[in-house]
Amino acid sequence: PGHTARWVKIVTRQPLLTALGVTAVLAVIAIPASGLRLTLPDAGYDPPGSEARVAYDLLDEGFGPGFNGLLLVTADISRTLQIEQALTALQDAFQGVPGITAVSQAFPNEALDMAVVTITPDSSPSSDQTAQLVQTLRDRAAAFEEANGFTYEITGQTALAIDISDRLGAAMLPFAIVVVGLSLVLLTIMFRSIAVPITATFGYLLTVGAGLGIATVVFEWGWGASLLGVGKVGPVISFMPILVMAVLFGLAMDYHVFLVSRMRERFVDTGDAHAAVLQGFSASARVITAAALIMFSVFFSFVPGGNAII
């Protein structure tokens with residue numbers, strides 16, 4: 001007897017209704033995750049008042065939001081002898097392009113085989129407008145090459161952050177398929193059951209979706225951001241979703257195995273499935289709750305540090 005026994009009796013009194021209700025709630029919480037944006041944090045994500053954040057804000061205020069996210073254009077001019085014409089063509093290619101505030105003078109390296117231009121966007125480094133500008137400039141490279149005989153590449157810290165975020169975002173689905181597929185195989189072998197692996201995997205996916213949904217609501221929408229000390233509302237660090245998926249997979253599957261193993265033991269002894277669920281849950285709930293609180297405390301202890309990546 002105890003609150004765990006009373007709780008499991010309540011939620012198993014109408015098991016279908018409970019399962020549908022929990023699924024619906026987690027699915028709703030997971031909806032914002034569809035709009036999750038990724039980035040590599042810059043100094044604008046540092047705690048307000050820190051030296052890096054103050055410098056970032058001063059540059060933003062004095063020269064515009066794009067000054068903290070300059071784009072670097074490099075061009076291979078080793079195949080042309082008309083260096084001045086190539087430099088002029090490269091510089092003029094970005095004049096008047098929407099989303100660009102300023103274009104520096106094109107200059108060559110000492111070997112005269114590479115030209116460099118610096119572009120100042122009119123939007124912040126982590127904004128969708130800057131990502132779209134990078135894509136637009138890359139799309140124009142083919143036409144530029146056809147007209148001038150050489151092409152250019154868009155690089156620099158901001159473009160690198162955009163490329164890494166896009167690559168990691170595209171890797172989420174294959175990563176999830178591999179993780180889920182392996183878990184289905186291993187749990188099927190372990191429990192000799194189809195229902196257990198499917199419910200475990202379904203619960204894991206709902207947990208990941210809800211976790212990323214809450215992250216979107218807090219860090220991008222700004223709900224409760226001040227209570228958690230979020231320095232800047234915007235996209236989250238690019239490797240966070242994959243890291244969360246990996247960590248939650250380990251925790252969710254561990255707890256599920258603990259819970260179902262005890263239920264399985266009781267069922268083998270009694271042959272009563274309903275009683276096995278009640279007794280297995282009651283016997284495992286305290287251990288699983290304690291383990292969850294320990295892990296929560298470990299992760300939460302890093303929050304006051306103020307580091308944007310953490």
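A170 lies in helix α7. Helices here are DSSP runs of H or I with at least four residues, strands are runs of E with at least two, and both are numbered from the N terminus. The structure is a predicted model, in which local features need pLDDT of at least 70 and side-chain atom pairs count only at pLDDT 80 or more, while totals for chains, interfaces and linings use all residues. Residues are numbered from 1 along each chain as its sequence is written, and side-chain values use heavy atoms, with hydrogens and water left out.

A170 has a relative accessible area of 55%, so this residue is exposed. The cut-offs, found with a 1.4 Å probe on protein chains only, are under 20% relative accessible area for buried and over 50% for exposed, with partly exposed in between. From C-alpha to C-alpha, A170 and T130 are 19 Å apart in space, and 40 residues separate them in sequence.

T130 brings the description to helix α5, where this residue is placed. Is T130 buried or exposed? Its relative accessibility is 0%, and therefore T130 counts as buried. A polar atom of the T130 side chain lies 2.6 Å from the backbone oxygen of S124. Such a polar contact is a pair of N or O atoms within 3.5 Å; within protein, one atom must be able to donate a hydrogen and the other to accept it, and residues adjacent in sequence count only if both atoms are side-chain atoms. When residues up to four places away in sequence are not counted, T130 touches P121, S123, S124, P125, T158 and I162. Contact in this sense means heavy atoms within 4.5 Å.

The next topic is how two helices pack. Two packed helices are described by the angle between their axes and the distance between the axes. For α5 (residues 128-139) and α7 (residues 157-191), the angle is about 95° and the axes are 10 Å apart. Each axis is a line fitted to C-alpha atoms, for helices over the stretch in contact, and angles run from 0 to 180 degrees between N-to-C directions. α5 and α7 are therefore roughly perpendicular to each other. That label covers 65 to 115 degrees, whereas angles under 35 degrees count as roughly parallel, those over 145 as roughly antiparallel and the rest as oblique. On the α5 side, T130, A131, V134 and R138 meet T158, A159, I162 and D163 of α7. The residues of this contact divide into 4 nonpolar, 2 polar and 2 charged. In this grouping, Ala, Val, Leu, Ile, Met, Phe, Trp, Tyr, Cys and Pro count as nonpolar, Asp, Glu, Lys and Arg as charged, and the others, Gly among them, as polar.

Aromatic rings come next. Across the whole structure, a search finds 7 aromatic pairs. F63 and F67 form one that is stacked, with 4.7 Å centre to centre and 25° between the planes. Rings of Phe, Tyr and Trp (its six-membered ring) pair if their centres lie within 6.5 Å; planes under 30 degrees apart count as stacked, over 60 as edge-to-face and the rest as tilted. F63 counts as exposed because its relative accessibility is 54%, and F67, at 31%, counts as partly exposed. Y204 and F249 form an edge-to-face pair, 5.5 Å centre to centre with 80° between the planes. This pair links distant parts of the chain, since Y204 in helix α8 and F249 in helix α9 (residues 240-270) are 45 residues apart. Y204 has 2% relative accessibility and so counts as buried, while F249, at 23%, counts as partly exposed. One aromatic cluster is formed by F94, F144, F150 and Y152.

Helix α8 (residues 195-220) also holds E220. At 15% relative accessibility, E220 counts as buried. Its side chain reaches the backbone nitrogen of R37 at 2.6 Å. Beyond neighbours within four places in sequence, the contacts of E220 include G35, L36, R37 and V233.

Which residues other than glycine have a positive phi? L112 has one of about 60°, and R192 has one near 50°. L112 sits in the loop between β4 (107-108) and β5 (114-121) and, at 43% relative accessibility, counts as partly exposed. R192 is in the loop between α7 and α8 and counts as exposed at 79%.
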